[in-house]
Amino acid sequence: MRVKNIGGFSYDSNAYLIDAKRKTLVDAGMDASRVLKGIGDGLELIVLTHCHYDHVGAVPDIVRETGAKVAMHGKDVLLLRSDRACVASMFNAPRPEFKVDIVLKDGDTIDLGDSFLAVIHTPGHTPGSICLYNEETKEMFTGDTVFEGGGFGRTDLGGDEGQMVASLQKLAKMDVSILYPGHGGIVANRAKESLLASYNNARHMFF
Ligand SMILES: [Zn+2]
Ligand SMILES: [Zn+2]
């Protein structure tokens with residue numbers, strides 16, 4: 001896949017543009033003008049890894065400009081109704097108002113026109129956090145579930161420690177070539193070892 005990070009400054013989440021037949025953005029960050037500049041023409045879809053404001057704040061402006069459809073896991077769609085649950089209050093912002101056109105669940109497939117992303121439900125950071133996996137290339141978008149260097153997401157912003165460990169255990173069994181986390185750097189070397197380290201670190205911290 002051709003993937004480019006067009007976000008990720010300061011507290012902003014990464015915003016990965018997939019230059020597929022159906023141009024798709026994975027997470028939007030908070031800075032719509034920066035991301036819109038990086039998108040270019042023809043964005044069709046925005047897939048959100050979870051409901052947190054640092055990933056979804058720019059969605060209303062991007063949708064207004066591009067007409068892209070928005071997809072998110074059903075459990076996090078509900079949390080968009082609360083300033084606190086979507087952590088907009090942490091950023092002194094009102095909760096962003098936008099429509100989720102496609103409500104995702106575990107096992108769904110997102111058709112990018114020339115490739116597919118499988119939806120893996122990975123609760124723990126939030127109840128409706130998801131990872132996205134290209135089974136052909138083994139690339140994985142991990143949102144705030146997995147970070148580089150054996151990192152994993154906070155569980156104190158509406159998450160759950162037990163669910164986080166179970167989700168990381170599920171991911172650690174998968175074959176991965178590249179990880180695209182929601183913050184920090186891309187993991188292009190020894191991605192599987194990195195994923196396993198995230199699982200082991202969480203297991204030792206919480207159990
Ligand atoms: Zn985040
Ligand atoms: Zn988050």
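Reader: How many helices and strands are there in the protein?
Author: Helices (H or I, at least four residues) and strands (E, at least two) are DSSP runs, numbered from the N terminus. The model under discussion is predicted. On that basis the protein holds six helices and 13 strands.

Reader: What radius of gyration does the protein have, and why does it agree with a compact globule?
Author: The C-alpha trace spans about 45 × 35 × 30 Å along its principal axes. For 207 residues, a compact globule would have a radius of gyration near 17 Å, and the value for the protein agrees with this, being 15 Å.

Reader: What share of the contacts in the protein with a separation of 6 or more comes from residues 24 or more positions apart?
Author: Contact means heavy atoms within 4.5 Å. Among contacts with a separation of 6 or more, the share from residues 24 or more positions apart is 57%.

Reader: Is Ile 46 buried or exposed?
Author: Ile 46 belongs to strand β4, which comprises residues 43-47. Buried means under 20% relative accessible area. The relative accessible area of Ile 46 is 0%, so Ile 46 is buried.

Reader: Which residues does Ile 46 touch, not counting residues up to four places away in sequence?
Author: The position in question lies in strand β4. With residues up to four places away in sequence not counted, Ile 46 touches Leu 25, Ile 62, Val 63, Ala 68, Lys 69, Val 70 and Ala 71.

Reader: Is Glu 65 buried or exposed?
Author: Glu 65 is placed in helix α3, residues 59-66. A residue counts as exposed over 50% relative accessible area. Glu 65 has a relative accessible area of 60%, and therefore Glu 65 is exposed.

Reader: What distance separates the C-alpha atoms of Glu 65 and Leu 104?
Author: Along the chain, Glu 65 and Leu 104 are 39 residues apart.

Reader: How far apart do the end C-alpha atoms of residues 12-183 lie?
Author: An unreviewed UniProt entry annotates residues 12-183 as "domain: Metallo-beta-lactamase". This span is 21% helix and 27% strand. Its end C-alpha atoms lie apart by 8 Å.

Reader: How far apart are the centres of the positive and negative side chains?
Author: The protein carries 22 positive and 27 negative side chains. The centres of the two sets are separated by 2 Å.

Definitions and conventions: Residues numbered from 1 in each chain as written. Chains lettered and ligands numbered in written order. Predicted model: local features only at pLDDT ≥ 70, side-chain atom pairs only at ≥ 80, totals over all residues. Heavy atoms only, no water. Rg over C-alpha atoms; globule rule 2.2 N^0.38 Å. Lys, Arg positive; Asp, Glu negative; His and termini not counted. Charge placed at Lys NZ, Arg CZ, Asp CG, Glu CD. Buried < 20%, exposed > 50% of the residue type's maximum accessible area, 1.4 Å probe, protein only. UniProt positions renumbered as here; feature names shortened; annotations may be inferred.
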